[in-house]
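Student: Can we go through this structure together? I would like to ask about its cavities, its aromatic rings and a record annotation.

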Amino acid sequence: MNPVNYLYLAALLFTIGASGVLIRRNAIVLFMCVELMLNASNLALVTFSRLHGNLDGQIIAFFTMVVAAAEVVVGLAIIVSIFRTRHSASVDDSNLMKL
Amino acid sequence: MNSLIPLLVAAPLAGAALLLLGGRALDRFGHWLGTFAAALSFVFGLVLFFSMLGRSAAQRPVQEHLFSWVPVNGFQADVSFQLDQLSVTFVLLITGVGTLIHLYSVGYMAHDERRRRFFGYLNLFLAAMLLLVLADNYLLLYVGWEGVGLASYLLIGFWQHKPSAATAAKKAFLVNRVGDVGLSIAIMLMFTDFGNVTFNGVFGAADQASKSQLTAIGLMLLLAACGKSAQVPLQSWLGDAMEGPTPVSALIHAATMVTAGVYLITRSGAIFNLAPQAQTAVVCVGAVTLLFGAIVGCAKDDIKKALAGSTMSQIGYMILAAGLGPIGYVFAIMHLVTHGFFKAGLFLGAGSVMHGMDDEVNMRHYGGLRKLMPITFVTFGLGYLAIIGFPGLSGFFSKDKIIEAAFAKGGTEGWILGAVTLIGAAVTAFYMTRVMILTFFGEKRWQPDAEGHQPHPHESPATMTTPMIVLAFGSVFAGGLLAFNSSFLKWLEPITGHSEGNSPLSSTVVTLLTMACMLAGVGLAYAVYGRSPVPVTPPVGSVLTRAARRDLLQDDFNHAVLVRPGSALAAALVYFDSKGLDGFVNGLAATIGGISSRLRRVQNGYVRSYALSMFGGTLVLVATTLLMRSV
């Protein structure tokens, strides 16, 4: 199969994630969209690694996964704690520091 | 002996410092301290004078270097003094008459609670004037020159609670400033032309300079002299300066300040002798002022302002004489000395009259004072006879010599100048006789003051009359003493040079003409004011009289020609500043503010809109990169 198709898929996934980040308000959904974008870039990295025949892309993809895992832990904790105090997961409601 | 020279300046300067910084502790005896400082300076002057008399003419000028002021490569300014026949004459006049005026002020200012400060200023005035005449370079002279301006400002505005006095002080200061600019430009020109500013350096190199350079310097020096000596066109401050206490007027008019211009021109004789155009300008200024002051003096009802007009006119005589070159220098200074005596005497007399008449200055409210104030009457009368040039008294000798010198200029110029000085003599006799008749003769025209008190004229205390008596002696004998055997001429000749000129008229004829003019003036004044009662309210008078009452429209002229265009220019600049510059700056600020307030809307606090702008930015970057690579 032509590896370029994987790149198309990665671009598609990234676009879906980005539109989700821009459109949705729910923090959880936003979060999932961010994950989608990260994974799309992972896919692109791995594809390029395959295309060029070296392992750099795959190593970076591992790094990204580790960072994403850490980020999910911290981010979800924050979202849960906000939801507990404010009874809302909407990002527009957290506006205490807005002028 | 020479080390005494700095002490001449130091004594009054120390007096001024003590009195001005000493505080209330000195209030009780401060006035005597001030008088003592002036007298001490006079004694030093006398000692130096007699030691100078003992030397031969060539060895008389002495220099005393005090310290280096600005020692820079290519420019040397020293604080060093030069005492020669000319400066010592001034020193004696300044300190002698100055001391008498100090003494008089003790009585005159007795009831003024700021008397200590007054004496501090008087001492400062003397110190500045002494510095001016003792300096051996123009830069140090300039220091004294400015000091005189400062002291006159402080003294004219001494009664600063009166708005008129405060205004008069400012006016004197500003008008003097115009002259000071002239002097500073002259000094700069000297430096560029000759490379130094000492008297010896400049005069020694003067004959190598081009005529246009010398004329420029001469005209600038003349401008300076016009400011200090109240000559046309910078004379307008002198009349208003009468707002100061009367001893100040005496000091300004007799011993200091107005004589500075005559000193400057005489001292710079070496420059003027080589610049005939500048000399002509000096003569013209002198001749115009001579008549100008005399005409103003005729119309004024205020006794001090009449005397101020007279000063202007007499200084005009001196400037005219100084402009005649070597023919006139000696007589300019001689008239200056005799004038110092009788003008100081006249002013002190006027002050005494005002003292007795509850500070009334309008001569139309005087009359018949000769019996009540006999000492004032006699001393004022002798001053009067001296100033009109009554034979045998001081003014006769000096003024007669100036008129002779004017004729001796030769040619048409000589005739014109001679005629002007003769007319001046007649007008002088007229207005001084008028002052005399209005004040001391005729019936009493005393007016009650605002609260209805009738004035009770009385003779002034001894501290005031003593100086008047001494000055009266000077008014009578000084001229004869100086003229006797041409002693003053021989004394000053080594410094100023002298030439006889060739007069078309013999000196006897000139003297007779002068006498005739004087008698005509006196007779006319007697016919107008002496034979019929003088109205208390001044008659409307002719156009000329009304103009003369307003200082020959000098203030109106200044107002129309200088003040109004100046205000208009200032208003235009303010308009340009507020509308043009401020408009541009404010407009820029408003534009930026408007753009910012629109841009601010982008910052709406929603995360996704920031994310959108990040995506947008990334998109632009990627697109640009791709575009660049494809090109």
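Predicted model: local features only at pLDDT ≥ 70, side-chain atom pairs only at ≥ 80, totals over all residues.

Student: What is the volume of the largest cavity?

Tutor: The lining includes Phe292(B), Val296(B), Met312(B) and Asp551(B). By class, the lining has 4 nonpolar, 4 polar and 3 charged residues. The space inside the largest cavity is about 70 Å³.

Student: Which element gives the largest share of the lining of the largest cavity?

Tutor: Three helices of chain B each supply at least two lining residues: α9 (236-240), α13 (276-299) and α14 (303-323). Among the lining residues are Lys305(B), Ala308(B), Gly309(B) and Met312(B). The largest share is 4 residues, and it comes from α14(B).

Student: Which element gives the most to the lining of the second largest cavity?

Tutor: This cavity has a volume of about 40 Å³. Its lining residues include Gly395(B), Phe396(B), Lys399(B), Asp400(B), Thr514(B) and Met515(B). Two helices of chain B, α17 (394-408) and α21 (507-530), each supply at least two lining residues. The top contributor, with 4 residues, is α17(B).

Student: How many charged residues are in the lining of the second largest cavity?

Tutor: Lys and Asp count as charged. Lys399(B) and Asp400(B) are both in the lining. By class, there are 3 nonpolar residues, 3 polar ones, and the charged residues number 2.

Student: What kind of pair do the rings of Phe118(B) and Phe158(B) form?

Tutor: Over all chains there are 19 aromatic pairs. In this one, the ring centres of Phe118(B) and Phe158(B) are 5.0 Å apart, and their planes meet at 65°. Planes over 60 degrees apart count as edge-to-face. So the pair of Phe118(B) and Phe158(B) is edge-to-face.

Student: How many residues apart are Phe118(B) and Phe158(B)?

Tutor: Phe118(B) is in helix α4 (residues 115-134) of chain B. Phe158(B) is in the loop between α5 (138-156) and α6 (163-194) of chain B. Both residues are buried. The pair links distant parts of the chain, and the separation in residues is 40.

Student: Which residue has its charged end over the ring of Phe158(B)?

Tutor: Phe158(B) belongs to an aromatic cluster with Phe118(B), Phe119(B) and Tyr121(B). A charged end also sits over the ring of Phe158(B), 4.5 Å from the ring centre. That end belongs to Arg114(B).

Student: Is Trp415(B) buried, exposed or partly exposed?

Tutor: Trp415(B) and Phe407(B) form an edge-to-face pair, 5.7 Å centre to centre with 80° between the planes. Phe407(B) has a relative accessible area of 3%, so Phe407(B) is buried. Trp415(B) is at 46%, so Trp415(B) counts as partly exposed.

Student: How far apart are the end C-alpha atoms of residues 28-48 of chain A?

Tutor: An unreviewed UniProt entry annotates residues 6-23, 28-48 and 60-83 of chain A as "transmembrane region". Residues 6-23 of chain A are 100% helix, with end C-alpha atoms 26 Å apart. Residues 28-48 of chain A are also 100% helix, and the distance between their end C-alpha atoms is 30 Å.

Key
Residues numbered from 1 in each chain as written. Chains lettered and ligands numbered in written order. Heavy atoms only, no water. 1 Å grid on protein atoms, 1.4 Å probe; cavity = no way out; pocket = protein on both sides within 12 Å on 5 of 7 lines; lining within 4 Å. Points joined across faces, edges and corners; volume = space filled by probe spheres on them. Phe/Tyr/Trp six-rings, centres within 6.5 Å; stacked < 30°, edge-to-face > 60°. Buried < 20%, exposed > 50% of the residue type's maximum accessible area, 1.4 Å probe, protein only. Lys NZ or Arg CZ within 6 Å of the ring centre and 35° of its normal. UniProt positions renumbered as here; feature names shortened; annotations may be inferred.
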